[in-house]
Amino acid sequence: MGDMMHIKVNQIDIHYEIFGQGEPIILLHGNQEDYHIFDELIDDLKNEFMIYAIDSRNHGESGRNIDFSYDAMTQDIYQLIRHLKINKPSILGFSDGGIIALKLAILSPNLMTKVIVCGVNYKPKGLNKKIRKALKKEYEENMSPYIKLMLDEPKFKKRDLKNIPLKTLILVGDRDVIKPKHTLKIHHMIKRSKLIILENETHDSFVVHSTKLTPYILDFIKK
């Protein structure tokens with residue numbers, strides 16, 4: 001176990017834990033998850049990094065708020081980095097967490113060192129038709145704000161992505177719900193990005209309760 005903490009930022013209580021020691025890395029989970037999706041990865045990395053594992057607003061042990069937007073979540077993390085004086089962390093974001101990581105890189109690139117995004121899209125149409133149809137159906141049934149978020153957002157401006165100055169690693173499974181062409185577009189827009197397509201992996205198979213990310217993280221951040 002790490003040290004369980006809460007911090008009030010952006011009028012909301014954000015829950016996080018710190019593990020290990022070394023250079024700082026922030027882990028951001030996806031939609032309707034919490035940081036425990038990274039438990040096995042944290043075990044693998046805590047001898048190399050000081051890990052900040054964070055529950056996004058409206059997720060895990062963090063506070064609830066009617067504003068579900070990625071911009072609000074990005075502000076939460078931005079303020080958390082500043083309040084905790086985390087010095088030039090790298091940021092790893094999965095799915096929704098990857099969207100937040102890219103938004104942070106646009107908002108305040110000098111705050112961080114490197115960015116790793118897994119299974120990320122820059123507009124809702126980046127998701128394949130089948131999954132979008134399923135999400136629409138689910139939303140009609142339960143009106144979930146979590147699903148609404150994925151149907152309406154993100155809405156990145158291409159020029160903002162093109163202006164990201166940071167070294168960025170983009171990881172995606174070749175069986176992801178995100179269209180391959182969409183991931184390629186992100187890779188081409190972010191000048192200093194590297195794209196790795198993982199064979200026989202789905203959207204979350206290489207991230208959730210997995211240590212498959214370890215070699216990629218070490219290789220990318222430690223160099």
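**Close-up views of a predicted model**

**Figure 1. S144, a buried serine in a loop.** S144 counts as buried because its relative accessibility is 10%, and the cut-off for buried is under 20%. The model shown here and in the other views is predicted. S144 sits in the loop that runs between helix 4 (129-142) and helix 5 (145-152). Its side chain reaches forward to the backbone nitrogen of Y146, at 3.1 Å.

**Figure 2. The cis peptide bond at P154.** The bond from E153 to P154 is cis, with omega near 0 degrees. P154 belongs to the loop between helix 5 and helix 6 (158-162). Most peptide bonds are trans.

**Figure 3. I26 and the largest nonpolar core.** This core holds 45 residues. I26, I54, I81, I91, L102, L104 and L161 touch the most other members. Beyond its neighbours within four places in sequence, I26 is in contact with Y52, I54, I81, I86, P89, S90, I91 and L92. A second core of 26 residues is separate, and I25, L45, I51 and I221 are among its members. In soluble globular proteins, nonpolar side chains tend to be buried together.

**Figure 4. V207, a buried loop residue.** V207 lies in the loop between strand 8 (193-198) and helix 8 (214-222). With a relative accessibility of 0%, V207 counts as buried. Which residues is V207 in contact with, leaving aside its neighbours within four places in sequence? They are I37, F38, F94, C118 and L213. V207 and C118 are 89 residues apart in sequence. In space, their C-alpha atoms are 7.9 Å apart.

**Figure 5. K114, a buried lysine without a salt bridge.** K114 lies in strand 6 (residues 114-118). The nearest side chain of opposite charge is that of E23, 7.3 Å away. A salt bridge needs the charged atoms within 4 Å. A backbone atom is within reach instead: the oxygen of F220 lies 2.8 Å from a polar atom of the K114 side chain. Apart from neighbours within four places in sequence, K114 is in contact with P89, S90, I91, K167, F220, I221 and K223.

**Figure 6. The buried residues of helix 8.** T214, I217, F220 and I221 are the buried residues of this helix. They cover an arc of only 145 degrees around the axis, so they lie on the same side of helix 8. An α-helix has 3.6 residues a turn, so residues three or four places apart point the same way. What covers the buried residues of helix 8 includes strand 3 (23-28), strand 4 (49-54), strand 5 (90-94), strand 6 and strand 7 (167-173). Helix 1 (39-45) is also part of this cover.

**Figure 7. N10 and Q32, with positive phi.** Most residues other than glycine have a negative phi. N10 is not a glycine, yet its phi is positive, about 55 degrees. N10 lies in the loop between strand 1 (3-9) and strand 2 (12-19). Its relative accessibility is 22%, so N10 counts as partly exposed. Q32 has a positive phi near 60 degrees. The loop that holds Q32 runs between strand 3 and helix 1. Q32 is partly exposed, with a relative accessible area of 46%.

Terms used
Residues are numbered from 1 along each chain as its sequence is written. This is a predicted model: local features need pLDDT of at least 70, side-chain atom pairs count only at pLDDT 80 or more; totals for chains, interfaces and linings use all residues. Side-chain values use heavy atoms; hydrogens and water are left out. A nonpolar core is a set of buried Ala, Val, Leu, Ile, Met, Phe, Trp, Tyr and Cys residues joined through side-chain atoms within 4.5 Å. Buried means under 20% relative accessible area, exposed over 50%, partly exposed in between (1.4 Å probe, protein chains only). Contact means heavy atoms within 4.5 Å. Helices (H or I, at least four residues) and strands (E, at least two) are DSSP runs, numbered from the N terminus. Lys and Arg count as positive and Asp and Glu as negative; His and the chain ends are not counted. A polar contact is a pair of N or O atoms within 3.5 Å; within protein, one must be able to donate a hydrogen and the other to accept it, and residues adjacent in sequence count only if both atoms are side-chain atoms. The arc is that of the directions from the helix axis to the C-beta atoms.
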